[in-house]
Amino acid sequence: MNELLWLLIVLAVYGVTAYKQTSTQTTLIAISVAMVVGTAADGFGIIAWIIFAIIVIPLSYAPVRRDFISKRLLAFYKSVMPEMSTTEQEAIDAGTVWWDGDLFSGKPDWQKFHAISQARLTAEEQAFLDGPCEVVCRMVDEWQINHVDADLSDEIWQYLKDNKFFAMIIKKEYGGLAFSAFAQSRVLQKLAGVSAVLSSTVGVPNSLGPGELLQHYGTKEQQDYYLPRLAVGDEIPCFALTSPEAGSDAGAIPDYGIVCKGQFDGKEVLGMRLTFSKRYITLAPVATVIGLAFKLQDPDGLLGDTEDLGITCALIPRDTKGLDCGRRHFPLNVPFHNGPVRGKDIFVPLSYIIGGEAMAGKGWRMLMECLSVGRCITLPSSAAGGAKSLALATGAYSRIRRQFRMPIGQMEGVEEMLGRIGGNAYLMDAVTSLSTAGVDLGQKPSVISAICKYHLTERMRQIVNDSMDVHGGKGICLGPNNYLGRAYQGVPISITVEGANILTRNMMIFGQGAMRCHPFVLKEIYASQMKDKDEQLESFDEAVFGHIRFAISNTFRSIWFSLSGGRLSSAPFKDETAKYYRSMQGYSANLALLTDISMGVLGGSLKRRERLSARLGDILSNLYLGSAVLKRFDEQGRNHDDLPFVHWAMQDCLSDLEEALDDFLRNFPNPVVGFAMRALVLPFGKRYTAPSDVIEHKIAHILQHPNSTRDRLGYGQYLTQEEGNLMGDLELTLLNIVKCEPLFDKICKKLGEKLPMTNLDTLAERALKEGIISSEEADLMKEAEAGRLRTINVDDFDNQELLMSTSSKVKKPAAKRKTANKAKAEPTSKAKAESASKAKAESTSKTKAKPATKAQPKAKPKAEKTES
């Protein structure tokens with residue numbers, strides 16, 4: 001009995017050192033001390049020490065361990081791990097590991113996390129948001145853009161160029177704005193709340209494209225020529241990657257170039273003959289310079305001994321002979337410029353390669369590194385901006401719109417949707433703030449960018465669907481007064497582009513995350529590929545035994561979390577958020593443990609079991625999303641009024657995480673291993689449920705009442721209360737309705753009647769005559785009634801206005817529309833037109849030159865014409 005007790009004590013000592021992830025030396029010292037004390041207490045004899053020596057010496061003495069253990073493990077490892085393709089290798093090598101690595105460690109360092117600098121705007125960036133961004137939002141007429149012109153107006157195009165909206169990423173030395181990633185995100189959020197066409201048009205040149213690639217990889221000649229022209233809008237860029245035969249599998253593009261000699265500007269030069277067919281290329285119809293990705297081949301050995309050089313990126317001017325560019329796709333009735341780019345046997349000099357001849361074949365690495373940054377900014381920011389605007393708009397509409405003599409926002413079914421909308425909007429804004437802060441610190445977080453792209457666009461889809469349900473007929477009837485319908489039509493676009501969400505979730509997040517974020521997997525892979533046998537064995541030995549210690553540590557951490565629920569774990573704050581920190585620490589250990597067991601049991605086949613890897617990716621993703629929420633709450637002063645959003649977001653993330661965990665365990669192909677893993681990580685079932693009705697009721701209340709918490713949620717969006725801004729009009733009407741409600745109750749009480757809250761203008765006149773209210777109060781009620789009618793009414797049209805042949809000729813169809821209460825509801829199209837004219841007068845634009853396909857493309861730099 002005494003021996004058993006001391007054996008358990010030694011195991012407990014080992015468990016504590018494993019839990020703390022101490023070094024091997026510290027662990028051996030601690031166990032040895034426990035053995036010595038146990039021996040002194042007659043708990044251990046000579047046999048125990050012999051067994052201890054047999055186990056410890058081979059494991060702690062490297063030469064013995066390598067020859068007798070690691071060599072065999074290396075042979076087994078090579079037999080089960082599949083070969084990694086060049087494109088896979090480059091994708092994994094691209095980018096950096098940041099907070100996602102901590103989340104994979106089993107022991108995230110919350111102190112380090114909260115020490116990450118908060119993203120902030122400079123005075124110049126804030127002035128841009130308050131000035132040019134506000135002006136261009138005022139210029140937007142969504143109905144004109146989407147239904148009539150299928151394009152931004154000439155004035156908007158020129159204003160964007162004049163104010164360098166296309167140059168946010170370009171350095172100041174080239175005439176750009178050199179904005180931070182956080183500032184770019186805030187700009188796109190504001191624009192996305194007004195127009196998807198506008199935010200897409202601005203977002204693409206500042207994301208993956210010629211500007212980004214040139215700054216990182218271009219030759220000095222290319223940078224000096226193109227970057228100043230891109231900065232002022234003399235060049236409009238696009239990047240052509242996707243082919244009909246290769247969408248998400250961009251590494252399989254069939255487009256090719258052959259290195260050869262040919263005639264260029266009357267001289268024989270070394271160049272490439274390109275054949276390609278691209279589609280879905282944003283800004284291609286108006287672009288003057290096309291970034292092109294293709295596979296470069298050198299069959300005659302003109303550049304060296306390698307025939308297949310690999311994916312290469314080049315810049316092709318629009319006036320290049322044989323280039324077919326200008327036609328448009330029509331993606332779900334959201335007419336941002338998007339179209340095909342084609343060419344057959346087009347000869348261009350090698351100097352067209354971004355970075356020149358030295359970068360031939362290095363395009364995939366270039367694209368992966370730039371994409372790891374761009375995917376953190378463009379689509380996530382546009383989704384977050386749309387979410388914030390719709391959260392405020394749907395909350396306001398729910399308070400203004402009444403059914404059964406009460407605001408529809410008081411109905412529990414609507415409250416459920418408002419809770420989801422508000423909670424998601426808070427979470428999405430938190431994620432963009434954290435992710436762009438990482439980019440501004442120099443990170444290129446490829447795994448985080450995939451998490452941001454997938455989860456924020458999916459949550460935007462949920463928000464739009466919920467908002468549409470709340471708005472009902474108001475949402476489905478398109479027209480100048482509809483601020484929701486185009487978002488509903490266009491949200492699948494963001495789901496599809498920059499890596500389809502199906503692929504991003506099922507292959508990329510965990511596929512790259514397990515390799516990049518795990519502290520030992522990549523080291524093992526690289527070690528197994530080394531040529532020198534001695535170096536290979538030494539590196540593999542170090543990696544694999546580090547991996548074993550890591551797995552044992554996470555086993556103990558997972559067991560302790562399962563038994564205690566994380567209650568005894570430390571947390572950086574002792575308030576209502578402490579339980580979330582403790583839970584996430586436990587789930588971090590669970591993720592690392594399940595990953596190790598899965599890779600050990602399934603080997604290389606794990607990456608082919610996409611649904612399993614997707615669920616592990618969901619665990620990692622929800623840990624990151626939850627981290628962002630906790631960071632935002634802390635950065636904004638741990639304001640108690642914001643806790644309903646925090647609780648909703650954290651409970652939603654953790655319940656989703658547990659759902660993914662449960663699904664993973666239920667569907668693990670080896671049921672015995674699956675049962676054992678469940679006993680380790682989820683022995684008592686799930687700990688979290690979806691957010692409660694009480695939390696969603698609180699969020700719904702916040703969204704329907706003017707308050708500082710609501711203001712923080714919508715901060716930075718275009719909410720200016722001026723004619724033509726539908727969102728601003730909603731905000732003003734909400735404020736007026738809230739002010740009118742006590743007046744309405746007072747009138748009903750004085751009159752002794754229970755009236756519906758309609759026809760407030762007529763009621764105001766009656767109450768004024770009877771001395772119940774003042775003239776100022778009557779004016780307020782009349783203004784509130786006009787706003788109420790504008791909010792609930794929908795547009796209708798003469799039949800001819802809806803015909804394409806007619807609407808293409810009628811430049812202002814909104815002027816002819818009729819509303820149900822024309823005398824009371826002032827047409828917003830007129831207000832928009834007046835607002836756009838005012839904005840135009842304020843802008844510095846004096847021309848109307850749009851970068852359309854009709855314009856002559858700009859000349860190419862002479863150096864690129866004559867040099868090879």
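## Surface patches

A patch is made of residues with over 30% relative accessible area and no salt bridge, where like charges are joined within 9 Å and nonpolar side chains (Val, Leu, Ile, Met, Phe, Trp, Tyr) within 5 Å. Accessible areas come from the Shrake-Rupley method with a 1.4 Å probe, and for residues only the protein chains shown count as cover. This is a predicted model, in which local features need pLDDT of at least 70 and side-chain atom pairs count only at pLDDT 80 or more, while totals for chains, interfaces and linings use all residues. Residues are numbered from 1 along each chain as its sequence is written, and side-chain values use heavy atoms, with hydrogens and water left out.

Ile46, Ile47, Ile50, Ile51, Ile54 and Ile55 make a nonpolar surface patch of about 630 Å². Isoleucine 46 is placed in helix H3 (residues 46-60); helices (H or I, at least four residues) and strands (E, at least two) are DSSP runs, numbered from the N terminus. An α-helix has 3.6 residues a turn, so residues three or four places apart point the same way. Isoleucine 46 counts as exposed because its relative accessibility is 62%; buried means under 20% relative accessible area, exposed over 50%, and partly exposed in between (1.4 Å probe, protein chains only).

A patch of negative charge on the surface gathers Asp532, Asp534, Glu535, Glu538 and Glu542. The place of a charge is taken as NZ of Lys, CZ of Arg, CG of Asp or CD of Glu. Glutamate 535 belongs to helix H22 (residues 533-564) and, with a relative accessible area of 44%, is partly exposed.

## Salt bridges

How many salt bridges does the structure hold? There are 34, a salt bridge being a side-chain nitrogen of Lys or Arg within 4 Å of a carboxyl oxygen of Asp or Glu. One of them joins the side chains of glutamate 722 and arginine 138, at 3.0 Å from N to O. Glutamate 722 lies in the loop between helix H28 (708-713) and helix H29 (726-751), and arginine 138 in helix H8 (residues 123-139), so the pair ties together parts that are 584 residues apart in sequence. Glutamate 722 and arginine 138 are both buried.

Arginine 459 and aspartate 652 form another salt bridge, with the closest N and O atoms 3.0 Å apart. Arginine 459 is in helix H17 (residues 446-471) and aspartate 652 in helix H25 (residues 643-666), so this pair ties together parts 193 residues apart in sequence. Arginine 459 and aspartate 652 are both buried. A salt bridge of 2.7 Å, N to O, joins the side chains of arginine 505 and aspartate 618. Because arginine 505 lies in helix H20 (residues 501-516) and aspartate 618 in helix H24 (residues 610-635), the pair ties together parts that are 113 residues apart in sequence. Arginine 505 is partly exposed, with a relative accessible area of 22%, whereas aspartate 618 is buried at 11%. Arg186, Lys388, Asp429 and Arg632 are linked in a network of salt bridges.

Why is strand S4 (residues 289-297) largely enclosed by the rest of the structure? Of its 9 residues, 7 are buried, so the rest of the structure largely encloses S4. Two strands pair if DSSP finds at least two bridges between them. Strand S1 (residues 237-240) runs parallel to S4, joined by 4 bridges, and proline 237 has valine 289 as its bridge partner in S4. Strand S2 (residues 256-264) also pairs with S4 in the parallel sense, over 3 bridges; here isoleucine 258 has glutamine 297 as its bridge partner in S4.

Strand S5 (residues 308-317) pairs with S4 in the antiparallel sense over 9 bridges. Alanine 314 in S5 stands opposite leucine 292. S5 is mostly covered, with 7 of its 10 residues buried. In a regular strand the side chains alternate between the two faces of the sheet.

## Buried helical positions

Helix H10 (residues 154-162) is mostly covered, with 7 of its 9 residues buried. The buried residues of H10 are Glu155, Ile156, Trp157, Gln158, Tyr159, Leu160 and Lys161. Lysine 164, which follows H10, has a positive phi near 60 degrees.

Leucine 591 is in helix H23 (residues 578-602) and counts as buried at 0% relative accessibility. The C-alpha atoms of leucine 591 and serine 558 are separated by 9.3 Å, and the two residues are 33 residues apart along the chain.

Definitions and conventions:
Lys, Arg positive; Asp, Glu negative; His and termini not counted.
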